[in-house]
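Have the viewer open and follow along with me.

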Amino acid sequence: MKGFAMLGIGRTGWITKDKPACGPLDAVVRPVALAPCTSDVHTVWEGAIGERSNLILGHEGVGEVVEVGSLVKDFKKGDKVVIPAITPDWSALESQAGYSMHSGGMLNGWKFSNAKDGLFGEFFHVNEADGNLALLPKGMDPATAAMLSDMVPTGFHGVELADVRFGDDVAVIGIGPVGLMAVAGAALRGAARIFAVGSRAVCIDVAKKYGATDIVNYRDGGIIEQIMELTGKKGVDRVVVAGGDVKTMIEAVTILKPGGRVGNVNYLGSGDYVLVPRLEWGCGMSHKQIHCGLMPGGRLRMEKLAALITTGRIDPSLMLTHRFNGLEGVEPGLMLMKDKPRDLIKPVVLVDK
Ligand code: NDP
Ligand code: ZN
């Protein structure tokens with residue numbers, strides 16, 4: 001089979017591999033809709049997690065089951081399924097401790113396009129199918145459902161990590177697709193003001209539709225100055241970080257009220273240290289908390305988030321700005337994610353032409 005792969009740091013291309021084998025608990029799936037991701041950009045072009053060679057990329061998509069293992073109970077050949085980006089080993093001790101995304105070691109629930117081949121091939125392997133697949137709800141557009149793999153769960157996890165509560169003022173730093181889902185999630189959780197920090201006009205437009213009350217363009221001035229001014233120097237209760245770099249934590253901590261909480265889901269692709277400002281962190285005594293996390297995957301999470309689309313509480317389709325047809329579309333799709341043209345939010349690839 002063919003697949004679009006990371007050949008080495010900074011290099012991508014099409015390769016040929018054997019079709020994956022199916023273990024007794026597992027499934028082999030063919031892609032129906034796929035989405036390239038900024039995380040693949042960090043992995044390939046920043047070399048953020050180290051060297052990988054001939055590793056098929058991709059971790060977001062909807063597919064059709066072509067084979068299941070002998071012990072799989074709830075899925076069969078022909079089922080249309082949503083595949084979470086994170087597919088934990090559910091019997092691992094880390095999973096039993098409540099951190100399934102780190103099953104088997106830090107970040108090890110993240111298998112596709114990290115520890116094994118991802119979704120950008122003619123077929124891909126899913127471990128523990130009963131625990132990690134979710135049926136595509138009847139009538140749901142596969143392109144929209146592909147946002148359930150990573151964008152919805154990651155943006156919402158940022159909101160969970162920041163522990164947004166009724167009436168909170170929340171800043172979302174970065175309003176690409178992840179941050180936009182954090183804006184939508186903060187609104188669902190009952191935030192009062194939501195400050196959306198970004199600069200692309202398309203993202204700003206969707207941020208307002210998802211519930212942002214204030215827009216902060218970080219290219220027009222400092223984030224700290226703008227948010228402190230907008231809040232009468234009080235700052236915000238919660239910050240979700242979904243963009244920026246190792247210096248963004250300076251801004252996040254500074255704009256936070258004492259006792260507030262940062263939820264970071266940004267994948268920091270480069271830099272050795274994350275900077276926290278000493279004085280603004282109350283010399284270590286501010287009760288300003290910093291939480292960070294890889295998105296939780298698994299079937300239950302996918303089913304619950306899918307229900308938010310089915311019931312009309314969220315509409316991730318507003319983020320789909322570019323569409324490609326055929327598996328070969330993953331290449332230009334990923335290049336778009338790398339180059340981030342101003343009219344881009346999220347590309348999607350429809351594999352069945
Ligand atoms: P995008 O690149 O599409 O969006 C990034 C956003 O950050 C944009 O709004 C951009 O603004 C803004 N931004 C860039 N630089 C700065 C800066 N210096 N200060 C403030 N804002 C800035 O990314 P995605 O939404 O696709 O992904 C966001 C992050 O989440 C990525 O790092 C991705 O790898 C990570 N991720 C993490 C996961 C997890 O499980 N924790 C899972 C999936 C993704 P502009 O409008 O100017 O472009
Ligand atoms: Zn992703």
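I began with a term: helices (H or I, at least four residues) and strands (E, at least two) are DSSP runs, numbered from the N terminus. This is a predicted model, in which local features need pLDDT of at least 70, side-chain atom pairs count only at pLDDT 80 or more, and totals for chains, interfaces and linings use all residues. Residues are numbered from 1 along each chain as its sequence is written, chains are lettered from A and ligands numbered from 1 in the order in which they are written, and side-chain values use heavy atoms, with hydrogens and water left out.

**Entry 1: the whole protein**

I looked up the secondary structure and found eleven helices and 16 strands. The radius of gyration (taken over C-alpha atoms) is 20 Å, close to the 20 Å that the globule rule (2.2 Å times the number of residues to the power 0.38) gives for 353 residues, so the protein is as compact as a globular protein of that length. Along the principal axes, I noted that the C-alpha atoms fill a box of roughly 60 × 40 × 40 Å. I then checked burial, where buried means under 20% relative accessible area, exposed over 50% and partly exposed in between (1.4 Å probe, protein chains only). Of the 353 residues, 58% count as buried.

**Entry 2: around ligand 1**

Which residues are the closest to ligand 1? I counted a residue as near if one of its heavy atoms lies within 4 Å. The shell holds 27 residues, and the closest are Thr38, Ser199, Tyr218, Asn266 and Lys340.

I sorted the shell by type, with Ala, Val, Leu, Ile, Met, Phe, Trp, Tyr, Cys and Pro as nonpolar, Asp, Glu, Lys and Arg as charged, and the others, Gly among them, as polar. That gave me eleven nonpolar, twelve polar and four charged residues.

Helix 1 (38–45) and helix 6 (177–188) each supply at least two residues of this shell. Helix 1 gives the most, with three residues.

**Entry 3: polar contacts of ligand 1**

For a contact with the ligand, I looked for a pair of N or O atoms within 3.5 Å. A polar side-chain atom of Asn266 sits 2.7 Å from a ligand oxygen atom. Arg200 uses a backbone N or O atom, 2.8 Å from an oxygen atom of the ligand. Gly293 also brings a backbone N or O atom, 3.0 Å from a ligand nitrogen atom. Taken alone, ligand 1 exposes 940 Å², and the protein buries 87% of that; these areas come from the Shrake-Rupley method with a 1.4 Å probe.

**Entry 4: loop residues**

I found Glu128 in the loop between strand 7 (124–126) and helix 3 (129–132); its phi is positive, near 45°, though it is not a glycine.

Lys233 lies in the loop between helix 8 (223–230) and strand 12 (236–241). Lys233 has a positive phi too, about 70°, and is exposed at 69% relative accessible area.

Is Tyr273 buried or exposed? Tyr273 is exposed, at 65%, and belongs to the loop between strand 13 (256–264) and strand 14 (289–292).

Conventions: A polar contact is a pair of N or O atoms within 3.5 Å; within protein, one must be able to donate a hydrogen and the other to accept it, and residues adjacent in sequence count only if both atoms are side-chain atoms.
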